[in-house]
Amino acid sequence: MKVKFAPISLRSARRLLRARSLLAVLLAFALVLAGAGVGRRPAGPAEDALALALLGKVIVIDAGHGGFDPGAVGVTGTLEKDVNLAVSRRVAALLRQVGASVVETRTEDAALAAAKRDDIRRRVAIAEEAGADLFVTIQANSIPQPQYRGGQVFYAAGSAEGQGLSESIQRSLASVLQNTDRQAKSIQNIYVVNALAIPAVVVEVGFLSNPEEERLLADSAYQQLAAYAVFLGIIGYYADQPVAGF
Ligand SMILES: [Zn+2]
């Protein structure tokens, strides 16, 4: 479904942007949208404000791994590539519903190149070719110790915008999923976030090495919740940005 937004008047936009509660309004509206599954288009100032925040933004949602590359494998066999794709597709759908222009690096279980190195480069190239404003790669974590769980967001060291986006998504993961007190963290040597000049972040939605979290990550309702958390984090980041001309 394609949702269109009516143009808003400058006066109404100014009034909205001055409102200290703008972010709260946006988040409340996003909550209503996501909760309702967006069967129809509601009208009102919050919708206008949300459309304004996302207007003309090109957002790349990158489902990590795919095809020959399964990524991490959970204790009962859940494949990271499948979790990443399911969550990514839902993030993309939510963003499109509020007017963002979304580019997905993959929409099926396939790698983007025959070799891992080329696959990663292709993901960066897609963002560059699209003239993207934002790059979010969705991943799931795995470590030898099974007790660790919870989502965590990473950004390239030295990127203030990446840090802002990471912190917004991290806050959202904590409040929506209610399972983590982890903090957004800078990271070195991750090609996809370092190679791009735009804000680029890695969202690790949880740990496949934790049996309980693996079960959740394979569950479609939880995937929707995780996607919704990422979506809200992106909206929150844009709501905090100054808008040109105001
Ligand atoms: Zn991964």
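Which helix is Y228 found in? Select residues 220-239 and you have the answer: that's helix α9, and Y228 sits in it. Bear in mind as you click around that this is a predicted model.

Stay on Y228 for a moment. Is Y228 buried or exposed? Count the C-beta atoms around it: 22 others lie within 10 Å, and the cut-off is 20 or more, so Y228 is buried. Y228 and L177 are 51 residues apart in sequence, yet their C-alpha atoms are 9.6 Å apart in space.

Next, the sheet. Show the strands and you'll find six of them forming an open sheet, with mixed pairing, in the order β2-β1-β3-β6-β4-β5. Pick out 101-104 (β2) and 185-187 (β5): these are the edge strands, each pairing on one side only. From one strand to the next, the twist averages 30 degrees.

Now zoom in on β3 (residues 134-141) and β6 (residues 200-207), which run parallel and are joined by six bridges.

Last stop: colour by pLDDT. The chain averages 85, with 78% of the residues scoring at least 70. Residues 1-22 fall below 50, and that stretch has 23 contacts in the model beyond near neighbours in sequence. Residues 35-42 are also below 50, with five such contacts.

Technical notes:
Residues are numbered from 1 along each chain as its sequence is written. This is a predicted model: local features need pLDDT of at least 70, side-chain atom pairs count only at pLDDT 80 or more; totals for chains, interfaces and linings use all residues. pLDDT is the predictor's confidence in each residue, from 0 to 100. Two residues are in contact if their C-beta atoms, placed from the backbone, lie within 7 Å. Helices (H or I, at least four residues) and strands (E, at least two) are DSSP runs, numbered from the N terminus. A residue is buried if 20 or more other C-beta atoms lie within 10 Å of its own, exposed if 12 or fewer, and partly exposed in between; C-beta atoms are placed from the backbone. Two strands pair if DSSP finds at least two bridges between them. Axes are lines fitted to C-alpha atoms, for helices over the stretch in contact, and angles run from 0 to 180 degrees between N-to-C directions.
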